[in-house]
Amino acid sequence: MRVLSGIQPSGKLHIGNFFGAMRQHLQLQAEHDSFYFIADYHALTSNPQPDEIAGHTLGVAMDYIALGLDTEKTVFWRQSDVPEVTELTWLLSCVTPMGLLQRCTSFKDKVSQGLSPNHGLFAYPVLQAADILIYNSELVPVGADQKQHIEVTRDIAIRFNNAYGEVFAVPKEHIIESVAIVPGVDGRKMSKSYGNTIEIFEPEKSVNKKIMKIVTDSTPVEDPKDPDKCNVFALLRLVASPEESGEWENKYRNGSMGYGEAKKRLAELMLDYFKPFRQKRTELENNINYVKEVLASGAERAKAVAGETLEKARQAVGLRK
Ligand code: ADP
Ligand code: TRP
């Protein structure tokens, strides 16, 4: 099955991105024909500084490769290296009703967070639909926040096919069950836009410091605590073995355990979890050319597929008759 997903290079990747998206991408690549890309056109919708976007793109590429992306098997590229997708966006835009985009909640959410309501931000689900359809994707693993965009994609594909013939495969499944929302150090959803993240590859010292500052309630050490309401436990269960998570759950409920103790263990487990990948990440930083080569060869493979689909779509709408 063709699996496709994208991630925006809008900052350094964090634990929430890993457990909510990247881990599933990496797991799926063994069994499926995987296409993963860095969505730099999408990142432009929030108007980053020009030198930020290239840096973050390489950062995301290094993170994925260090964490186990199979550079031989998986097609991995930078979205803007295959500009065919922007032409398809236009063809799709012309069958996309305004109402469909007006119903998308992510536009309203982002504007309420302070992003400028530019046309790119509004039309972003159409670019996402083009990403998915141009590569004939069947399965699109994304977090719950992206579910609506996959539904929009299906809707656009069906409208296009009804108008012009069966050009696009309609992606059949959309959501991969992911872990619950990963909380940030302040207890809100971990997100680059809230400044509450623990980055996957941030220096060990700084990981320790951030974990010690995670917000908890003020239940006294000796009292029972509810693990399901604790940000420390929410992170701990991601990196601890099931047995150890169970032990901590009991300790919380029985009392006589302080949050400081849980935080200390969380820091150890978190650093151990990512330790095997840190060395690889450092090697890649010293070999940026290799990273660029991986992206360039991925772009070539992606372009071959995109070119073919785009040509079919052009023919279908009458641009080539
Ligand atoms: P951010 O909120 O930091 O800007 P993105 O919106 O770029 O993150 O998210 C990229 C992917 O990571 C999405 O698939 C999203 O569902 C997932 N993701 C981001 N933050 C979290 C989180 N706190 N918990 C679970 N998944 C997350
Ligand atoms: N919009 C997605 C996000 O912000 C990124 C993305 C762009 C994407 N194109 C995609 C995800 C196509 C899946 C498929 O996380």
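How far does a polar side-chain atom of Q128 lie from a nitrogen atom of ligand 2? The gap is 3.0 Å. Keep in mind that this is a predicted model.

**Around ligand 2**
- Ligand 2 has 14 residues around it, and Q8, Y124, Q128, D131 and Q146 come nearest.
- D131 puts a polar side-chain atom 2.8 Å from a nitrogen atom of ligand 2.
- For Q146, the distance from a polar side-chain atom to a nitrogen atom of the ligand is 3.1 Å.

**Where α3 meets α13**
- Helix α3 covers residues 50-66 and helix α13 covers residues 288-317; their axes come within 10 Å and cross at roughly 90°.
- Angles from 65 to 115 degrees count as roughly perpendicular, so α3 and α13 are roughly perpendicular to each other.
- On the α3 side, the residues in contact are L58, A61, M62 and I65.
- Their partners in α13 are I288, Y290, V291, K292, V294 and L295.
- Sorted by class, this contact has nine nonpolar residues, one charged residue and no polar ones.

**S191 in its loop**
- Look for S191 in the loop that runs between β5 (173-175) and α9 (204-212).
- S191 has a relative accessibility of 11%, and because the cut-off for buried is under 20%, S191 counts as buried.
- Leaving aside residues up to four places away in sequence, S191 touches H14, N196 and T197.

Technical notes. Residues numbered from 1 in each chain as written. Chains lettered and ligands numbered in written order. Predicted model: local features only at pLDDT ≥ 70, side-chain atom pairs only at ≥ 80, totals over all residues. Heavy atoms only, no water. Axes fitted to C-alpha atoms, helices over the stretch in contact; angles between N-to-C directions. Helix = DSSP H or I, 4+ residues; strand = E, 2+ residues; numbered from the N terminus. Parallel < 35°, antiparallel > 145°, perpendicular 65-115°, else oblique. Contact = heavy atoms within 4.5 Å. Nonpolar A, V, L, I, M, F, W, Y, C, P; charged D, E, K, R; others polar. Buried < 20%, exposed > 50% of the residue type's maximum accessible area, 1.4 Å probe, protein only. Near = heavy atom within 4 Å. Polar contact = N/O pair within 3.5 Å; in protein donor to acceptor, adjacent residues only side chain to side chain.
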